[in-house]
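The points below are numbered and may be read alongside the structure.

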Amino acid sequence: MKIKNYRMDRHSIIFFFIWVVSLLVFRIRIINFLDFIFFEITEKSLLTRNVYIQIAVLSGSFLLIFFLPIILQNCFFRKTDLTMNHAARVSILSPLIVIFVCFCILSWNVRLKRDDYWEIFDAQTLGQFKFIASSYLNLMTRYTSLLLKSLYAIFPPTLYIDSCLILCLIMIFSGLSLINKIFLEHFSIVQDIPTLNMVSLVMGGNETVGFLMMSPKIWEIYLWGSGAFVYAFGIGLTILSIYCILRIILGKSKSSGFFIFTSILCILSCGCSELTTISFCIYSFALLIGFRLFYHRPSGWNKKLIFFWILSWIAALFSFAAPGGKARADSFIQISSEDSFFALIISRIGDAFQTGLNVITGFFLYRLDLLVFFLLVSFLLGLLVKIRKEKIIQLLFIIFVLLFASFVCILPNALLHYVPTRVVGIPWSWIYLSSCLLTFVAGSLLVKKPSKEYLYICLLIGTIIPMCIFGSFFSNSIDMVKRIRLEWEYRDQILQTIDKQPTLIETCQVPVLGTDMMDILENPQDEYNKNIARYYGVKQIMAKENCRSWIENEQTQVAQ
């Protein structure tokens, strides 16, 4: 059957079946995705409309998403290689640009909260080097995070934090896209570089949005200064380091400058979160084992791999051996002797392993409806590339390494019985990558020969779905983020100009972004109250009312 050169074969049947099942099973989730677009057009929420209007919008969206790429391809993009058509590339990449702009808007409205206050105060008071030395000796092991936070002494804090949040997103997206490109060039049969470049970018966009939306604490990992310097930077540096190592050992970069740059990246990636440090050590060792098992390269590559593996372990030992790390661990485990420490660790191994398994299984139970759409994109992109069958074992090895790293990296926290929700975001990122890779391979194996007439359709939908998912999150969050920013700036202006002589300053509260808590409490002796008081140079500070009520009262008085 043909409809203007649209052939109903295995590709289209699979494609149609996936979309029908998705619309039926995940109707509510899709309505949430479309709600922000519907609200912008009609100024009414789709969630409040009756079921007939919802079905009509769903049906229209289905027809639009399913047939619009086909119509565009047949009317405007008839060239065989769509990736060489500038208009086609712009239409494919435009949703990724929308995602980036939305994230930038969110990041640019983020203000200080929690640990930001004391870190900024210490960095500006002690100076860069004293801040790093003091924290490394007394507080924590994350030397890269300390280096980044020490720059508070140089740059304006809010501007610096907002810029770094955007930089984290760029690092993660570029690193994932570049690694995807290397994998596709190596594992695929057809070496169509323009096509592989576009598939790599779309895969990178889908994986990046998945990192954000599948994170259990996006506000603490990607949209918080103190958290991003530990977790988001750790993820981004780890991904970029792996990409640079792959380029070197595959012979794509032979300059000494790039080798030095990669070495610096490896050192920095081991100085963020302990979980990303452990993960990077596992990945560097897995590269050594994988290339020994599957590849036959000149004798130089194994020396370079061994160098990076040793370098990662040295950097990790330097991080874990910090006196500040022991002080931090002592706050979770009270020990009286060295023997009791090892006995305590041994007694907790069973619980730690169970926690690791729970982290892996918990990922697939958390927002499963959302995960299905990300995996759907990976599956559709897999239909565009034919994977060499002899490379399947190597791909399974990569999937196993990602799952193994996600399991092992959480064990130290599990041994300490300290597994905050934001920490789980790192192992879940590796599990998510392994899931995307598995569904991508499944899509590739399902078809005998990739058809280029479906290239534009799959690539466009591969960017539209992540855009709708993140767009829904953005539309539901932007008003709250802007409101908190305005309240924070209102109070900040008051505290910057207030008379600091009184013993106790009463001000207003601002919600902590991403939580139901307030940043300043009624008790002046609360630890967070003390940190904010030090930041503003006052003796004590407290708050009973929220800043929104203060702003509303002030506006009412002005109006009268």
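1. In which loop is Arg 114 found? Arg 114 is in the loop between α4 (86-108) and α5 (116-126); helices (H or I, at least four residues) and strands (E, at least two) are DSSP runs, numbered from the N terminus. Arg 114 has a positive phi of about 50°, although it is not a glycine. With a relative accessible area of 14%, Arg 114 is buried, where buried means under 20% relative accessible area, exposed over 50%, and partly exposed in between (1.4 Å probe, protein chains only).

2. Basis of the values. The model is predicted, so that local features need pLDDT of at least 70 and side-chain atom pairs count only at pLDDT 80 or more, while totals for chains, interfaces and linings use all residues. Residues are numbered from 1 along each chain as its sequence is written, and side-chain values use heavy atoms, with hydrogens and water left out.

3. Overall composition. The secondary structure of the protein comes to 23 helices and four strands. Of its 560 residues, 55% count as buried. Among contacts between residues at least 6 apart in sequence, 79% join residues at least 24 apart; a contact means heavy atoms within 4.5 Å.

4. Helix α5. Asp 116, Tyr 117, Trp 118, Glu 119, Ile 120, Asp 122 and Ala 123 are buried in this helix. The buried residues of α5 pack against α6 (128-138), α7 (143-150), α8 (157-187), α11 (225-249), α21 and α22. Just after α5, Gly 127 takes a positive phi of about 90°.

5. Asn 531 lies in helix α22 and is buried, with a relative accessible area of 7%. Leaving aside residues up to four places away in sequence, Asn 531 touches Tyr 117 and Trp 118. Both of these residues are among the buried positions of α5.

6. The β-α-β unit. Strand β3 (residues 504-509) and strand β4 (residues 540-546) pair in the parallel sense over five bridges; two strands pair if DSSP finds at least two bridges between them. The chain crosses from β3 through helix α22 (residues 527-536) to β4, and this β-α-β crossover is right-handed. That term applies if, with the strands pointing away from the viewer, the path from the first strand over the helix to the second runs clockwise. Across the pairing, Glu 506 stands opposite Met 542 in β4, and Gln 509 stands opposite Asn 546 in β4.

7. Helix α21. This helix has 43 residues (455-497) and should span 63 Å at 1.5 Å a residue; its end C-alpha atoms are 59 Å apart, which agrees. The expected span of a helix is 1.5 Å times one less than its number of residues. Helix α21 bends by about 40° at Ser 477, the bend being the angle between axes fitted to the seven residues ending there and the seven starting there. Because 31 of its 43 residues are buried, α21 is largely enclosed by the rest of the structure.

8. Helix α9. The 21 residues of α9 (residues 193-213) reach 30 Å from the first C-alpha to the last, close to the 30 Å expected at 1.5 Å a residue. Since 17 of the 21 residues are buried, α9 is largely enclosed by the rest of the structure.

9. Ser 406. Is Ser 406 buried or exposed? Ser 406, in helix α18 (residues 392-408), is buried, with a relative accessible area of 0%. Not counting residues up to four places away in sequence, it touches Ile 360, Pro 427, Trp 430 and Ile 431. Its side chain reaches the backbone oxygen of Leu 403 at 2.6 Å.

10. Trp 309. This residue is in helix α14 (residues 299-320) and, at 26% relative accessibility, counts as partly exposed. Apart from residues up to four places away in sequence, Trp 309 touches Cys 281, Ser 284, Phe 285 and Leu 288. Trp 309 and Cys 266 are 43 residues apart in sequence and 9.4 Å apart in space, C-alpha to C-alpha.

Technical notes: Polar contact = N/O pair within 3.5 Å; in protein donor to acceptor, adjacent residues only side chain to side chain.
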